[in-house]
Structures are given as C-alpha cells and as structure tokens.
Amino acid sequence: MKDVIYLDNNATTKVDPEVFEEMVPYFTENYGNASSIYEMAHTAHDAIEEAREKVKNLFGAKKSKEILFTASGSESANMAIRGVLKNCENKHIITTKVEHPCVLNTFKELEQEGYRADYIGVDENGELNIEELKSKVTSNTALVAIMAANNETGAIYPYEEAAEIVKSINGNTVFFVDATQAAGKIKLDVQNTKVDLMGISGHKFHAPKGIGALYIKEGTKISPIITGGHQEKGLRAGTENTPYIVGLGKAAELAVQYLEFEETKVKELRDKLEQGILEKVKCAKLNSRTKKRVPNTTNIGFQYIEGELILLHLDEAGICASSGSACTSGSLEPSHVLRAMKTPFTSLHGSIRFSLSRFTTEEEIDYAINTIPVIIKKLAEISPFQKELAQMLK
Amino acid sequence: MWEYTETVKEHYKNPKNVGSIENADAIGEAGALACGDALKLYLKIENNIVVDAKFQTFGCGSAVASSSILTEMIIGKSLDEVEKITNKDIIEKLGGLPPEKTHCSVMGREALEDALNNYRGYKIGDNSTDKIICNCYSVTESAIREAVEHGAKTVKEVSDLTYAGSACGRCKGAIQKIIDSVIPKPVIKENELTPVQFAIKVNTVIETKILPELVKDNGGIELVDIKGKDVYVRLKGTCSSCPNSTATLKSFVEKKLKELIDNEITIFEA
C-alpha cells in the first residue's frame, strides 16, 4: 500500500502499537473464560477489572462498577436508550437533530413503537438551541440524549448545562450522553455532572474496532438488551471479550495521558491545516464554527465543487478524508448535520471533514496544505459555476 | 465507497474536453446545484456534424466521467447519430456504473437532448405520444400504462413489472400520476364536509397530489394540524432547507388545496 496521510480519525483510528501489544497474550496464552474457576480464568477476570478501572478514569467516574463493556458506541447508545426506557412508564423522549445515526435511528424506531420524540435544533453556527430544549422537557419526558461532540463538525455541545436544566425541570428524566467523539479528545468528568449514562467507542481513540463502554451512574434503573448469561452483572450476556477489553483499558489509559497533547499539539496542527486551506483556497468556507470544538476536527465547505469528487482526488494524492455529503456514504441525502445548520447549497454538497490524531505529523499537514489547493483549483475548472467562482476571487 | 471501473476512474481523474466553447452553436443544461449535480454541455456544429464538444460539471466522480466520455462519444458524429445516444450507451462505454449512479448518465443524456433542442429551436418528441418516463431503463409511458392495466396498483408493483423507477427513483412521482390516471379515484362529495372528512380529504390531496411532486426533488411534506380552514404542514427532505420553501407552500401547495378542496384554505408552515 502507498503511503497515506490519514486525516479521517473521526471515522476510525489506528490501533496504538502499545495497545496491540497488551492485547496479544489474551489471545493465545491467557485465553481462559473469565467466568470459569481455574487460575487462567482468574488472570482474565483480573485483567478485565483492571481495564474497567482505567476506563472509569477516562470517564471521570466515581466507581469502576459503573462501567459496562459493550461491542461498540452504537451498542452503548442502544443499551442506554432502550435499557432505560424498559423501566419507564413515560413515552416522551428528546434528542438533537445532529446526533449520530445510532441515536437518531433508534429514536425513529421508538417513534414507530409509540414514543413521542422531539428533536432539538442548532443555529447557523452549529450551537445547540438550549432554550428549545428547555421548552420541550415535561413531566412526561422519560429520556434526553445529547451528544458531547459532533462527529462531522467537532462541535462540543454544553451537555453538562443541558443535564442541569433537564434535571431541574424533571428530576426523573434520565440523561444520556453519546461521548464517542469526545473521549480521548476532551476531558470527561462525568461524576461531577448530572449525566446518568455516557457511551464511548474504543476505535475512536486507538483501541481496536468492536469494543465500547457505557457509563451507568450507580442507582440508574436499566435492563439488559442482550439477555443470556450473568456476565457484566447480568446487564450484558455474552462471554467477556478479554483481549479487546484489555485493549480498551490500555487505550483509555493512554488517552488520559495524551489529553494535554491533544489540546496543544494536535490542535496546533489542526489550526495550521484549517488556516492554510482557508487562506489558499478562495472558495473554502469553514463549517466548524461553534465556540467550543474538539481539538482534532475541522469541516470545510468547498463551494460549487462536489464532495465525492474532492475525496476521490484527495485519495489519488494519498490523503484520506471524509464527507457527510450525498454520494459518498451510499445515501443520496446530504449531511443531516450541515442541513440542520442551514448550510447553503453552494457548499452543502462539497463539505469535507479533516480529523487528526496524535499520530498526525507536521510534514503530513504541510503536504496537505500544499496539495489540497492544487486539487481544488483543478476541480474548480470543471465546475459550471465559473461566474460565481470568479466572483469569490475578487 | 462505490466500485468504479477503470474507465470511470480514468475519466474523473483526467476528464477530457473540460471547459466552455465561445460562440457555441448549442448549449445544453441538466441538473441543479441544490440537487448536488449539474451539467453544462457546449457544442460546435458544422454541416450537421459535432466538430467540438466541451463540458462543465458539478457532481460526483461518475457525473464527471459520464460527461467526459459523452463528449468523446459525440465529437465527429452527425446530429442524427448523436440524437440516438442513450444513457445506456454512456454506461456501456464507461464499462458500467453502480445502479445508484445511473442518474449521472441520465444527466448526460438530458444535457445532450437540451443542447439539440436548443440548436433546432424545437423539442424532438413533442408530437410523440409515447414519451420515456423512466430514463434509467428507458421505460415508456405506454409500457407503464400497460403494467397498470395488467394489475399493478402501486409504484413498487409497476417497478417489479417494468423496472421503471427502480434505479434512481426520480420518476416515481410520474409513475404514480400514470397509475392515478388509469385507476379512477373515488369521488368525494364537495358539499358540507365534517371536520374529519375535511381533514382526510386534505391529507389525501397532500399525499397523492402534492407529495409525489415534492418527492421528485427529494423533498417531502406532512400534514401536522388543521384549525378551521387553516392547514399546518411540515416540509421535509430537501424542501425543509430550501430557500424557496415559502414559495413552494404558497404557490404550489396552497394553490393545489384551494383548487381541489376549498378556496378558503390557507397554508401555514408548522
């Protein structure tokens, strides 16, 4: 494979070699079933509990028994939402228009099942409409789900404040936060918030794919959605995935250590990339405009040029990025996040997300800053909107 | 990600005949910025032969590839030959396109048709009684009519019989119209509607007469509430973010409801 410049870390990340190394013995040596009685099983059990402690620290939770291991961020969200609603009489639920599909589509399903759902909007800069949230919470509201950070724009939403507001209106409403795009990028301190549940996914912070976790505040009423054996205190049946849990633990430990690096070094490179593109490319417009943003993400709209075409040409140049726009994801609808922000059609179809990680180097960013304007210039020549593009050069 | 053939890749990487022609003899356009793809085709014609062709495309890889290969296919050909080129020919030349991308080749064909119409100053096929409804599979109105007469009652059933509407889906509204014209709808009495009858009627008109039109542009609409003669609706899909949504509501939705149900109806966005 040719050398690639990987700027799609919000899609998935490289497994940190240190993480991989810790996992290996649990495949071929300490492969015992953590529920069994012999020595090898104890080793697995102890490794799982050690990982639980490390994941607890990433969440900033009080007790490690508040951590449940799942197979993905999507499972964490499904478990949080459905697991809680099983214990609720009320049929009203609230989320945002900019959530990840794992929450949005679960809500759509629940609407089919008889729940009433409200979807909170964002303004043109992508800031969450807290007043609208306030107006929707009632005595019948069973659950509110708000993401900590947006996967497409990197916007950080004020979930702590939102949880305070929701609980002050209805103390029984359960508050779930999808922190998949926040974990490892910004500090989480869940024990000092009113949040009841928080989900994360390992492969977004250098653990492998197929492992996630859900924080469940002690005392939260929740039922399993996968039934069977007694694993995870009866909350999730299925033999514990020891090597992946160990990997998640190590990745969580490293993520905590690298937080400052993310907020300084990674942010510096992200800003350099962003400013570099915006300065050199006249038709580029910044979509990530919230006051607070995760340090690794930028989303830029290239006006009058279509997103898939840009990605295909970036790929040719060895740059991996992504777009929520029409043609890439297999759906013909443009990004629901950018549409919720009322992004104009001129750049809606040509918006590209660049997301960095601690493995991104300055050389890679320099290459990207030099290459992207050349590609955009070439593609702008194909566009039928020459008059409009010329206008921007003035 | 899509599986593109080597020919498609070659044409989006290094598109041929990009640009415009000054004093072009014919210009054809298809698509729109809002829909995510648009194509402008320029032709230089001498003695009924296309001597030069250039294009500008806003669109994905397969849209650019379709436009690029189309210009190669028509340069040097007579107008009679060019006229016969279908979107299927474009797909064939590209070595295939993913089914979801069929509309990219259709856009090429549409721009070509538009250019030829502009050149001649009249529309080919205006007098033809059998126009093509589904461009992706070249299914004609009479074929769809026949399918309905043979028992197809829904768009899905028509698709199963004729393939029409099963690729890009843009003609689903048109297919519904043909179904409606073949299968007579029960007539609802105009006088003295109860509130429930009124609501049902408004909803029926929205779903059968208005929604199919909006769906063509990837939009949608749903009835939210009715207070007296005030009808509250919510626009969905591309319509919900369309800057022209107010115009759509007033000039199309309200007009249609007034025309078909009651002249006193006023429309509001919920």
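A crossing of two helices is called right-handed if the near helix is turned clockwise from the far one by less than a right angle, and left-handed if anticlockwise. The model shown is predicted, so local features need pLDDT of at least 70 and side-chain atom pairs count only at pLDDT 80 or more, while totals for chains, interfaces and linings use all residues. Residues are numbered from 1 along each chain as its sequence is written, and side-chain values use heavy atoms, with hydrogens and water left out.

**View 1. Helices α4(A) and α5(A) pack against each other.** Helix α4 (residues 73-85) of chain A and helix α5 (residues 101-112) of chain A, both DSSP runs of H or I with at least four residues, lie with their axes 9 Å apart at an angle of about 35°, the axes being lines fitted to C-alpha atoms over the stretch in contact and angles running from 0 to 180 degrees between N-to-C directions. The crossing of α4(A) past α5(A) is right-handed.

**View 2. Residues join α4(A) to α5(A).** In contact (heavy atoms within 4.5 Å) are residues including Ala77(A) and Ile81(A) of α4(A) with Val103(A) and Phe107(A), among others, of α5(A).

**View 3. Chain B meets chain A.** The contact draws 33 residues from chain B and 24 residues from chain A. Two salt bridges are found across this interface, a salt bridge being a side-chain nitrogen of Lys or Arg within 4 Å of a carboxyl oxygen of Asp or Glu. In one salt bridge, Glu316(A) pairs with Lys13(B), with the closest N and O atoms 3.4 Å apart.

Definitions and conventions:
Chains are lettered from A and ligands numbered from 1 in the order in which they are written. Helices (H or I, at least four residues) and strands (E, at least two) are DSSP runs, numbered from the N terminus.
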